[in-house]
Amino acid sequence: MSNINKEYYRKKYKKNKKNKISYSKIVINILVLIVIILIILYIKNSFIDDYKQLKTDRQHISAFAIPERSILVLKELSDKYKIDFSETLSLYSLDNGFFEDIVETPTLVELEENFLSNLDQIKNKYKKVYPAYALFIKNILDDLRYFPVPDTFSGKFYDYNFNDSWGAKRNYNGARIHEGTDIMDAKNIRGYIPIVSMTDGVIENMGWNEYGGFRIGIRTENKNYFYYAHFDSFNENIKKGDSIKAGQLLGFMGDTGYSKKEGTVGNFSVHLHVGISPETKIFSDEFWINPYPFLILIEDTKFVFN
């Protein structure tokens, strides 16, 4: 074979070898890309699955119908063992089906024996679900500083009452359910009981609302929205857009609302409607949660005017 032919085949061999290497690199790159796509899809599906149960249980999460005594005993348990309360509350809620069926109030000893002793197993059972739930519960608890009715104001003490009225039927402007907690003035005196902000935040809404009458909506640093409705009058020193401190006077309890006409009173007894719309990625639309358990937790924490 001539030198020319040898050189020709040598170059051809090198070219084929180079092409094979190139093809191999392409195949490897394609395989790597496929693996990356599969990992992304797995993470995405896993992420979706993490919230599927919570989204399905939206109604029960909103109702948050934990018995009053249960939440106080859970708080006692968390304090005693230095456990994050929002995590404890979330895991207990999940393990009890968001209290769809009324459960007996456990004692501290029963919680230690039946809940705390199985905490690791419960965490593992709900490991894909509870962090998201615990996060927005924690953010609400972090925001709350004071009960909306102060301890005293101008030397006066206030007689009020409230219960878990979430889900009660309301008929004004069509059938709907009550999405909040009503704190009632036991004496039913318009403009008598002062209302303070439960949190720091910024006044996002203020003024007349057909359903809430004179109302104020405050957005906190954690992006939670706290809604106060049916004021008789506002604190004249605050306005929409103002920064508010927890304990700052918002106005006085009244009975305004249920009318398009501003200033309408007398359609119900004097009370404050409290609503909480938490910031959460679990639900994409507006979401309200029962304030009652949170009000129970902060009832003993009242602002005192000097």
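The model is predicted, and local features are reported at pLDDT of at least 70, side-chain atom pairs only at pLDDT 80 or more, whereas totals for chains, interfaces and linings use all residues. Residues are numbered from 1 along each chain as its sequence is written, and side-chain values rest on heavy atoms, with hydrogens and water left out.

The secondary structure of the chain comprises eight helices and 13 strands; helices (H or I, at least four residues) and strands (E, at least two) are DSSP runs numbered from the N terminus. Of the 306 residues in the chain, 44% are buried, where buried denotes under 20% relative accessible area, exposed over 50%, and partly exposed the range in between (1.4 Å probe, protein chains only). Contacts are defined by heavy atoms within 4.5 Å. Among contacts between residues at least 6 apart in sequence, 69% join residues at least 24 apart.

Helix 3 spans residues 68–81. Its 14 residues reach 21 Å from the first C-alpha to the last, close to the expected 20 Å, the expected span being 1.5 Å times one less than the number of residues. The buried residues of helix 3 are S70, I71, V73, L74, L77 and S78. They cover an arc of only 165° around the axis, which places them on the same side of helix 3; the arc is that of the directions from the helix axis to the C-beta atoms. An α-helix has 3.6 residues a turn, so residues three or four places apart point the same way. The cover over the buried residues of helix 3 includes helix 4, helix 5 and helix 8 (292–298). After helix 3 comes K82, with a positive phi near 55°.

Helix 7 (residues 130–143) likewise has 14 residues, and its C-alpha span of 20 Å is close to the 20 Å expected. Buried positions in helix 7 are Y130, A132, Y133, A134, F136, I137, N139, I140 and D143. Two of these, Y133 and F136, belong to a cluster linked by ring pairs, together with F98, F283 and F287.

In the whole structure, 22 aromatic pairs were found. Rings of Phe, Tyr and Trp (its six-membered ring) pair if their centres lie within 6.5 Å, and planes under 30 degrees apart count as stacked, over 60 as edge-to-face and the rest as tilted. The rings of F231 and F234 have centres 5.4 Å apart and planes at 55°, so this pair is tilted. F231 is buried at a relative accessible area of 1%, whereas F234, at 23%, is partly exposed. The pair formed by F283 and F287 is also tilted, because the centres are 4.6 Å apart and the planes stand at 45°. Both F283 and F287 are buried.

Charged side chains lie over two rings. R58 lies over the face of F283, at 4.8 Å from the ring centre, and K75 lies over that of F85, at 5.8 Å. The criterion is that NZ of Lys or CZ of Arg is within 6 Å of the ring centre and within 35 degrees of the ring normal.

F98, a member of the ring cluster, is located in the loop between helix 4 (85–95) and helix 5 (108–114). Its relative accessibility of 3% counts as buried, and its phi is positive, about 55°, although F98 is not a glycine. H230 in strand 9 (residues 225–234) also has a positive phi, near 75°, and H230 is buried at 6% relative accessibility.

S165 lies in the loop between strand 2 (160–162) and strand 3 (169–170) and is buried, with a relative accessible area of 13%. The C-alpha atoms of S165 and I177, twelve residues apart along the chain, are separated by 9.6 Å. Beyond its neighbours within four places in sequence, S165 contacts H178, G180, T181 and D182.

H178 occupies the loop between strand 4 (176–177) and strand 5 (181–185) and is buried at 5% relative accessible area. A polar atom of the H178 side chain lies 3.2 Å from the backbone oxygen of S165. The side chains of H178 and H273 are joined by a polar contact of 3.1 Å. A polar contact is a pair of N or O atoms within 3.5 Å; within protein, one must be able to donate a hydrogen and the other to accept it, and residues adjacent in sequence count only if both atoms are side-chain atoms. Leaving out residues up to four places away in sequence, H178 touches S165, W166, G167, A168, R170 and H273.
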